[in-house]
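Subject: Structure handover, with notes on the pocket and the cores

Dear colleague,

I am passing on the structure below, together with a short account of what was found in it. Could you read the notes beside the coordinates before you set anything up?

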Amino acid sequence: MTVASSWRHRAFRLLGEVVRFMVVGGLATVVSFVGFNALAHGLLLGTAPLRNAPIVAYVVANVVAGVVAYVGTRLWAFRDRDAPDQVTGVVRFFVLGALTMAIPVVCLWFSRYVLGLSSPIADNVSANVIGLGISTATRFWVFRRFVFNQPVVREPSRPAA
């Protein structure tokens, strides 16, 4: 394999990981968005059980979305990478996911309690657009670097004889 084809192969592999990560993240974001808005603003429920606790609503919705994200990330997005130890990988995924979830939580807190904005639009822009945008890029790097950090070596397929 030449240097150029090796570089091209690595670039396409990385692009595939990024695309799969974004698809899984998109699904988890839908779960988070619907869950948060149901709990904090009554979307689809008619009543908002956590109207006065938007941070708690955001965390609860994101714990559920985190499970969706782990399954999708483990089985599909980083299917060509392994965690050195499966138990450690799960723990790292959720601990690092919780740490990176602090980014949108801080954005939501700032919008709510510093700027005094509490509308559904303000909550969603602060947490689900600004905060989530920043944390998504952070999560990709963190998960690839510290969780799924062992590329799987596959044997090249041989042509049938």
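Contact here means heavy atoms within 4.5 Å. Please keep in mind throughout that this is a predicted model.

Asn128 has its place in helix H4, and its side chain makes a polar contact with the side chain of Asn124 at 2.7 Å. Because its relative accessible area is 12%, and buried means under 20%, Asn128 counts as buried.

A second residue worth a look is Ala57, which is placed in helix H2 and is likewise buried, with a relative accessible area of 0%. If residues up to four places away in sequence are not counted, Ala57 touches Phe36, Leu39, Ala40 and Leu50. Along the chain Ala57 and Ala69 are 12 residues apart, and their C-alpha atoms are separated by 18 Å.

Turning to the nonpolar cores, the largest has 15 residues, of which Phe21, Phe78, Phe93, Leu96, Phe143, Val147 and Phe148 touch the most other members. The elements that contribute two or more residues to this core are H1, H2, H3 and H4, and the largest share, 4 residues, comes from H2. Apart from this core lies another, of 10 residues, which includes Phe36, Ala40, Val105 and Ala127. As general background, nonpolar side chains tend to be buried together in soluble globular proteins. Within the model, Phe143 is in contact with Phe21, Phe78, Phe93, Leu96, Gly97 and Phe148, once its neighbours within four places in sequence are left aside.

Finally, there is the largest pocket, whose volume is about 450 Å³. Its lining is made up of 23 residues, and those that lie nearest the centre of the pocket are Ala28, Ala65, Gly66, Ala69 and Arg139. Helix H1 (3–41), helix H2 (54–77), helix H3 (86–114) and helix H4 (120–146) each supply at least two residues of this lining, with the largest share, 8 residues, coming from H1. Sorted by class, the lining of the largest pocket has 13 nonpolar, 9 polar and 1 charged residues.

With best regards

Definitions and conventions: Residues numbered from 1 in each chain as written. Predicted model: local features only at pLDDT ≥ 70, side-chain atom pairs only at ≥ 80, totals over all residues. Heavy atoms only, no water. 1 Å grid on protein atoms, 1.4 Å probe; cavity = no way out; pocket = protein on both sides within 12 Å on 5 of 7 lines; lining within 4 Å. Points joined across faces, edges and corners; volume = space filled by probe spheres on them. Nonpolar A, V, L, I, M, F, W, Y, C, P; charged D, E, K, R; others polar. Core = buried A, V, L, I, M, F, W, Y, C linked by side-chain atoms within 4.5 Å. Buried < 20%, exposed > 50% of the residue type's maximum accessible area, 1.4 Å probe, protein only. Polar contact = N/O pair within 3.5 Å; in protein donor to acceptor, adjacent residues only side chain to side chain.
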